[in-house]
Amino acid sequence: MRSAWQGLLAACVLALAGCAQRDGTPAAALDFTGPLPAIAAQYRTIVIRDGVEQSVEWRFWRDERHLVTEYPAQHTGSERQRDGSVVFHRQLFHEERRGIETQLDDAPVAGRTSYWTQQALLIDPRLLGALHDRGTHKEGGHTLRHYEGGVYGVNWRVQLRADTLIPALIERREAGTVERIELLALHPLSQAPWQPTPAGNYQFIDHIDLGDMEYDPFVQKVQKHSAVAHTH
């Protein structure tokens, strides 16, 4: 989950109320405050802009203290580690065996979903609260919760796995651009068929030092990578 995905997380009103299922029976409100299941997932992101389609596949690992995202074809990724109210965020560049490290204060703030929760869910619950809850349906033995609606000129469609609290689909449409994030595979973390690339011996640069290293080829690559990420 690199910075690209932060652009998907709209800051809206927090309100998750129980709505009717598609068969007319009440659907229980989802609880995003408790411990989240440890999972490993594979996704595909498709972006269609001006009739041109691009896609990328990526993987996501989640447990109580670690969130790891990896883009195998690009040899990049990110790692987030939680220690109390502090989150350590590392951008990873596997070919260079180097990375950028940032320390974030994620202390609770009234009315705001924590940064960690947003990243762990891959979507901000406040965004779901601003959309219309269209109820649930069963697919492949699992319950999917559906949300639709427009927020600040962006049309959203979200399907959330109720058992693991992980998106099966995030679709956004805005000004001729369509972006779809589709779940391809999901496993309990203990049964994951793939593991993150080890980064324990990488050389890390503190992000506050980047301004003094603008002519470093690695730093230039990092800045280019970040610029591309923000276009999503």
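Reader: Hi! What does D124 form with R126?

Author: In this predicted model, D124 and R126 form a salt bridge, with their closest N and O atoms 2.7 Å apart.

Reader: Are those two buried or exposed?

Author: Both D124 and R126 are buried.

Reader: Nice. How many salt bridges are there by this rule?

Author: The count comes to twelve. One of them pairs R44 with E182, whose closest N and O atoms are 3.7 Å apart. R44 sits in strand β1 and E182 in strand β11, so this pair ties together parts that are 138 residues apart in sequence.

Reader: Why does E182 count as buried?

Author: Its relative accessibility is 17%, and buried means under 20%. R44 is partly exposed, at 27%.

Reader: Which residues do salt bridges with shared partners join to R44 and E182?

Author: The network also takes in E57, R157, E171, R173 and R180.

Reader: Let's switch to strands. How do β3 and β4 run?

Author: They run antiparallel, joined by six bridges. T69 stands opposite S78 in β4. The two strands form a hairpin with four residues between them, and H75 in the turn has a positive phi of about 55 degrees.

Reader: And what joins β4 to β5?

Author: Eight bridges, and these strands run antiparallel too. That hairpin has two residues between the strands, and G84 takes a positive phi near 65 degrees.

Reader: Which residue in β5 is the bridge partner of E79?

Author: R90. The side chain of R90 also meets that of E101 in a salt bridge, 2.8 Å from N to O. E101 lies in strand β6 and R90 in β5, so the pair ties together parts eleven residues apart in sequence.

Definitions and conventions: Residues numbered from 1 in each chain as written. Predicted model: local features only at pLDDT ≥ 70, side-chain atom pairs only at ≥ 80, totals over all residues. Heavy atoms only, no water. Pairing = 2+ DSSP bridges. Salt bridge = Lys/Arg side-chain N within 4 Å of Asp/Glu carboxyl O. Buried < 20%, exposed > 50% of the residue type's maximum accessible area, 1.4 Å probe, protein only.
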